[in-house]
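Good morning, and thank you for making time for this presentation.

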Amino acid sequence: GGTANLTCRVDQNDNTSLQWSNPAQQTLYFDDKKALRDNRIELVRASWHELSISVSDVSLSDEGQYTCSLFTMPVKTSKAFLTVLGVPEKPQITGFTSPVMEGERMQLTCKTSGSKPAADIRWFKNDKEVKDVKYVKEEDSARKTFTVSSTLDFLADRSDDGAVVSCRVDHESLNSTPQIAMQVLEIHYTPLVKIISSNSWPEEGQSIILTCESKGKPVPEPVLWTKDGGELPDPERMVVNGRVLSISFLNKTDNGTYRCEAKNPIGRNSTEYVLIVHDVFNTLLPTTVIPSLTTATVTTNVALTASTTTSATATSIRDPNALAGQTGPDHALIGGIVAVVVFVTLCSIILLGRYLARHKGTYLTNEAKGAEDAPDADTAIINAEGSQVNAEEKKEYFI
């Protein structure tokens with residue numbers, strides 16, 4: 001298809017004729033006279049020192065040895081070998097049937113003909129060259145050109161879906177512009193399922209959203225949500241919207257295994273999520289009792305007065321993070337009341353002891369002295385009254 005230029009030059013010529021002949025020894029030009037009727041052959045320049053011709057749209061049949069003759073005695077000749085490159089045809093990829101199921105073996109064949117010398121074939125997948133492919137070179141029947149084929153063999157994978165496989169033909173006749181054939185792969189595969197939770201630490205009273213992500217080809221049908229192998233037990237709190245499962249007001253009965261299942265015409269797949277509802281995290285401040293005869297601080301709102309000189313005061317400190325409406329016994333309140341009662345009792349005992357110690361019981365005992373010597377009772381009494389002044393005062397202490 002290109003143009004070949006043939007030039008014959010003579011340094012010294014004494015008006016001797018020049019001639020070009022083809023491999024079949026047919027005269028093409030004799031000086032400036034055209035000898036062969038071939039419209040592809042044109043005279044470029046003719047003089048005593050040069051004869052140049054051109055052959056356009058060359059073909060493989062034009063390849064061979066061309067001779068330039070200088071008609072002197074004897075005749076002098078010079079030969080030039082014309083090599084014609086066979087341009088490879090545009091490659092074609094065969095063996096692909098759409099769609100291909102995941103796991104099936106694919107064999108793609110790229111073939112090109114008419115190259116001389118034999119062309120080179122390379123495979124690419126998404127612009128990344130694939131190595132270790134089969135390569136077959138066959139010579140054509142005319143033994144002038146070659147047919148080259150290459151086979152790409154691999155197992156279909158879901159990652160190949162949408163990939164562009166290209167076959168590139170390199171040849172010196174293409175002037176660094178290779179010929180390329182491309183094929184877009186379509187792979188069908190079962191769904192890939194994954195559950196994403198909106199709450200990593202669900203607690204009672206909170207809500208949680210479970211999203212089921214499914215990817216497959218063809219696109220999976222709407223997903224199916226189940227709990228512990230059965231239907232969702234509480235449709236009012238467990239709401240399914242497409243691929244999303246929303247559970248409100250969590251409680252311990254929601255604990256269990258939730259399964260999301262997706263399917264398409266190729267198959268089905270599922271994944272599970274284990275939900276554990278935790279108790280509400282509640283932090284209580286520690287109770288502090290101050291040993292004093294006047295006040296004591298505990299976690300309650302009760303204030304008791306034991307006497308006019310001693311009192312017990314209680315202060316309640318609540319957890320600001322405690323949930324509103326929390327039910328159940330208030331252990332802090334009970335503990336505070338018990339502490340106050342014990343404290344008041346101790347204070348009462350101490351005060352009573354101090355009071356009795358300050359107010360001692362005293363009484364006076366008079367004994368009749370000398371009554372043993374009195375002759376009768378009247379005399380003993382008189383003696384006793386007379387001696388009352390000197391009587392000894394006796395005291396008794398009651399503790």
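How many helices and how many strands does the secondary structure of the protein chain come to? The count is two helices and 26 strands. Please keep in mind throughout that this is a predicted model. The protein chain has 399 residues, of which 31% count as buried. Among its contacts with a separation of 6 or more, 59% are accounted for by residues 24 or more positions apart.

I begin with the sheets. Within it, β9 and β11, the latter covering residues 105-115, pair in the antiparallel sense over three bridges. Thr 94 has Thr 109 in β11 as its bridge partner.

A second example is an open sheet of three strands, ordered β20-β23-β24, and here too the pairing is antiparallel. Why is one side of β20 and of β24 left without a neighbour in the sheet? β20 (224-227) and β24 (267-275) stand at the edges, and each has a single partner strand, so one side of each remains without a neighbour there. From one strand to the next, the twist averages 20 degrees. Strand β23, residues 256-264, pairs with β24 over nine bridges in the antiparallel sense. In that pairing, Tyr 258 stands opposite Tyr 273 of β24.

Next, I turn to β22. In a regular strand, side chains alternate between the two faces of the sheet. Which strands pair with β22? Strand β19, residues 208-217, is joined to β22 by four bridges and runs antiparallel to it, and strand β21, residues 238-241, also pairs with β22 in the antiparallel sense over four bridges. Ile 247 is the bridge partner of Ile 208, and Met 238 stands opposite Ile 247 as well. β21 and β22 form a hairpin with two residues between them. In the turn, Gly 242 has a positive phi of about 70 degrees.

Let us now consider a loop residue. Thr 16 is placed in the loop between β1 (4-9) and β2 (18-21). Is Thr 16 buried or exposed? Its relative accessibility is 10%, and the cut-off for buried is under 20%, so Thr 16 counts as buried. Leaving aside residues up to four places away in sequence, Thr 16 touches Trp 48, Leu 70, Phe 71 and Thr 72.

Some aromatic side chains also deserve mention. The structure holds one aromatic pair. Lys 125 lies over the face of Phe 154, at 4.4 Å from the ring centre. The charged end of Lys 137 sits over the ring of Phe 146, 5.7 Å from its centre.

Finally, I come to an annotation. An unreviewed UniProt entry lists residues 332-352 as "transmembrane region". In the model, this span is 100% helix and 0% strand, and its end C-alpha atoms lie 31 Å apart.

Notes. Residues are numbered from 1 along each chain as its sequence is written. This is a predicted model: local features need pLDDT of at least 70, side-chain atom pairs count only at pLDDT 80 or more; totals for chains, interfaces and linings use all residues. Side-chain values use heavy atoms; hydrogens and water are left out. Rings of Phe, Tyr and Trp (its six-membered ring) pair if their centres lie within 6.5 Å; planes under 30 degrees apart count as stacked, over 60 as edge-to-face and the rest as tilted. A charge sits over a ring if NZ of Lys or CZ of Arg is within 6 Å of the ring centre and within 35 degrees of the ring normal. Two strands pair if DSSP finds at least two bridges between them. UniProt positions are given in the numbering used here, feature names are shortened, and annotations may be inferred rather than shown by experiment. Axes are lines fitted to C-alpha atoms, for helices over the stretch in contact, and angles run from 0 to 180 degrees between N-to-C directions. Buried means under 20% relative accessible area, exposed over 50%, partly exposed in between (1.4 Å probe, protein chains only). Contact means heavy atoms within 4.5 Å.
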